[in-house]
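I'll jot down what I look up as I go.

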Amino acid sequence: MPAAKYIILFGPPASGKGTQAARLRELLNLPHVASGDLFRENLQGETKLGLEAKAYMDRGELVPDDITIAMVIDRLSRPDCADGALLDGFPRTIAQAVALDQALSAQGHRISQVLYVAVPDNVLVERVSGRRLCRTCGEAYHILFNQPKVPGVCDHDGGELYQRDDDQPETVRKRLQVYWEQTSPLIDYYRGQGVLVDIDGNQSIDAVTMDLEKAIAGT
Ligand code: AP5
Ligand code: MG
């Protein structure tokens, strides 16, 4: 049996993690495990976890490690993740990365690759301000860079497109600050493990997908 593959799509807010995960799904045939999406699903379902996370998300801060780690490790323990997963938005702190390493090694697994999609801050602000998401399937669009065929409507399922609450300029600035302070140290952490691959995220969506596919294929 081939070894399970745990791949992390790593990068700052709005670097294109969700957009690229949707495109890599077919190639990888692995579930997309996105911590932000898990929090938003909980919020939509009005669970205790969702309501607890909301206050942090609205401020652009990280949800505390204990809550986040428990949620993601639980998700990874489900049968559909037996062959691995494409992680997006997790881990985001050294404590989360250590907890993930421990949980995987307890199962005889480890991180295969960390694909670091780098994008300059000024470009990120532009991407966030024009982002629109499908309320039904979560597909990400952009009012200039990735337009739906019909404005305000998802190409796939006709769902309504909406703007995320935490995509307001003030919150985005905070999210970027939090990224540089608390999340960027993971770049050295994973470089030290020899699993980090640098990807230029400041290219067209198609060009980034091509570079990610090459990295995954090891070419
Ligand atoms: P989360 O949902 O993970 O948000 P994020 O990391 O801030 O990333 P985004 O989802 O905003 O961006 P993305 O990289 O997916 O970009 P996208 O593809 O949409 O987290 C939200 C909150 O949840 C956090 O702030 C925190 O509170 C909490 N949280 C989540 N995980 C946590 C954790 N592990 N620990 C603690 N708290 C946690 O693209 C963005 C836009 O750009 C779109 O409009 C897209 O169409 C466009 N675009 C994409 N690629 C390109 C391109 N190449 N060129 C032009 N436009 C592009
Ligand atoms: Mg995302």
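Is isoleucine 111 buried or exposed? I looked it up: isoleucine 111 is buried, at a relative accessible area of 3%. My cut-offs are under 20% for buried and over 50% for exposed, with partly exposed in between (1.4 Å probe, protein chains only).

Ground rules before I go on. This is a predicted model, where local features need pLDDT of at least 70 and side-chain atom pairs count only at pLDDT 80 or more, while totals for chains, interfaces and linings use all residues. Residues are numbered from 1 along each chain as its sequence is written, chains are lettered from A and ligands numbered from 1 in the order in which they are written, and side-chain values use heavy atoms, with hydrogens and water left out.

**Entry: the whole chain**

I find nine helices and eight strands in the protein chain; these are DSSP runs numbered from the N terminus, with at least four residues (H or I) for a helix and at least two (E) for a strand. The radius of gyration is 17 Å, close to the 17 Å that the globule rule gives for 219 residues, so the chain is as compact as a globular protein of that length. That radius is taken over C-alpha atoms, and the rule is 2.2 Å times the number of residues to the power 0.38.

I also noted that 46% of the 219 residues count as buried. Of the contacts with a separation of 6 or more, 71% come from residues 24 or more positions apart. Contact here means heavy atoms within 4.5 Å.

**Entry: back to isoleucine 111**

Isoleucine 111 sits in strand S4, which covers residues 111–118. I listed what isoleucine 111 touches, leaving out residues up to four places away in sequence: Tyr6, Ile8, Leu100, Asp101, Leu104, Tyr190 and Val195. Leucine 212 is 101 residues from isoleucine 111 in sequence and 16 Å from it in space, C-alpha to C-alpha.

**Entry: serine 15**

Where is serine 15 found? I located serine 15 in the loop between strand S1 (5–10) and helix H1 (17–28). Serine 15 counts as buried, at 3% relative accessibility. Skipping residues up to four places away in sequence, I see serine 15 touching Val117, Val119, Leu124 and Arg127.

**Entry: salt bridges**

How many salt bridges are there? I get 14 salt bridges, taking one to be a side-chain nitrogen of Lys or Arg within 4 Å of a carboxyl oxygen of Asp or Glu.

I picked out lysine 54 and aspartate 58, whose side chains meet in a salt bridge at 2.7 Å, N to O. Both lie in helix H3 (residues 48–59), four residues apart, about one turn of the helix. Lysine 54 is partly exposed at 29% relative accessibility, and aspartate 58 is partly exposed at 36%.

Next I checked arginine 75 and aspartate 80, which also form a salt bridge (2.7 Å, N to O). Arginine 75 counts as buried at 12% relative accessibility, whereas aspartate 80 is partly exposed at 41%.

Last up: aspartate 167 and arginine 175 pair at 2.9 Å, N to O. Aspartate 167 is buried, with a relative accessible area of 3%, and arginine 175 is buried too, at 10%. I then followed the shared partners and found that salt bridges join Arg131, Arg164, Asp166, Asp167 and Arg175 into one network.
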